[in-house]
Amino acid sequence: MKPLSFKQLQLRVLTVLFLLFSSTVIGYRYFLELPKLEKNIALLAEKELKLLDYGVQAALTSLSRLTYDYSVWTSTYDFMHDLNE
């Protein structure tokens with residue numbers, strides 16, 4: 001077997017270093033960053049749902065007040081209208 005030249009040895013070392021660096025970066029992203037990202041997305045979605053629920057409840061409360069006021073005004077109008085006839 002022939003001994004490796006300096007350029008071949010250098011190329012193999014650089015290839016091994018590149019593969020090691022790439023696998024480290026990919027592993028870090030996959031095993032550490034991705035779970036954090038999924039957790040943050042889940043928390044954000046939960047906050048959005050809570051805000052949406054609060055907004056819907058506030059809108060329903062407002063609508064129930066308007067409906068009550070309208071029913072009171074309508075019955076008062078009907079009473080006044082029937083009284084004058």
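This report looks at a surface patch, a salt bridge and an aromatic pair in a predicted model.

Residues are numbered from 1 along each chain as its sequence is written. Local features need pLDDT of at least 70 and side-chain atom pairs pLDDT 80 or more, while totals for chains, interfaces and linings use all residues, and side-chain values use heavy atoms, without hydrogens or water.

Let's start at the surface. Y28, Y30, F31, L32, L34, L37 and I41 make up a nonpolar patch with about 740 Å² of accessible area together. Such a patch joins nonpolar side chains (Val, Leu, Ile, Met, Phe, Trp, Tyr) within 5 Å, from residues with over 30% relative accessible area and no salt bridge. The areas come from the Shrake-Rupley method with a 1.4 Å probe, and for residues only the protein chains shown count as cover.

F31 sits in helix 1, residues 6-84 (helices are DSSP runs of H or I, at least four residues, numbered from the N terminus). The structure holds one aromatic pair: the ring centres of Y30 and F31 are 5.0 Å apart and the planes meet at 85 degrees, so the pair is edge-to-face (centres within 6.5 Å, planes over 60 degrees apart).

Helix 1 also carries K50 and E46, four residues apart, about one turn of the helix. They form a salt bridge, with the closest N and O atoms 3.6 Å apart (a Lys or Arg side-chain nitrogen within 4 Å of an Asp or Glu carboxyl oxygen). The whole structure has one salt bridge.

Here is how open these residues are (exposed is over 50% relative accessible area, buried under 20%, partly exposed in between; 1.4 Å probe, protein chains only).

| Residue | Relative accessible area | Class |
|---|---|---|
| Y30 | 52% | exposed |
| F31 | 62% | exposed |
| E46 | 42% | partly exposed |
| K50 | 56% | exposed |

Conventions: Patches are made of residues with over 30% relative accessible area and no salt bridge: like charges are joined within 9 Å, nonpolar side chains (Val, Leu, Ile, Met, Phe, Trp, Tyr) within 5 Å. Helices (H or I, at least four residues) and strands (E, at least two) are DSSP runs, numbered from the N terminus. Rings of Phe, Tyr and Trp (its six-membered ring) pair if their centres lie within 6.5 Å; planes under 30 degrees apart count as stacked, over 60 as edge-to-face and the rest as tilted.
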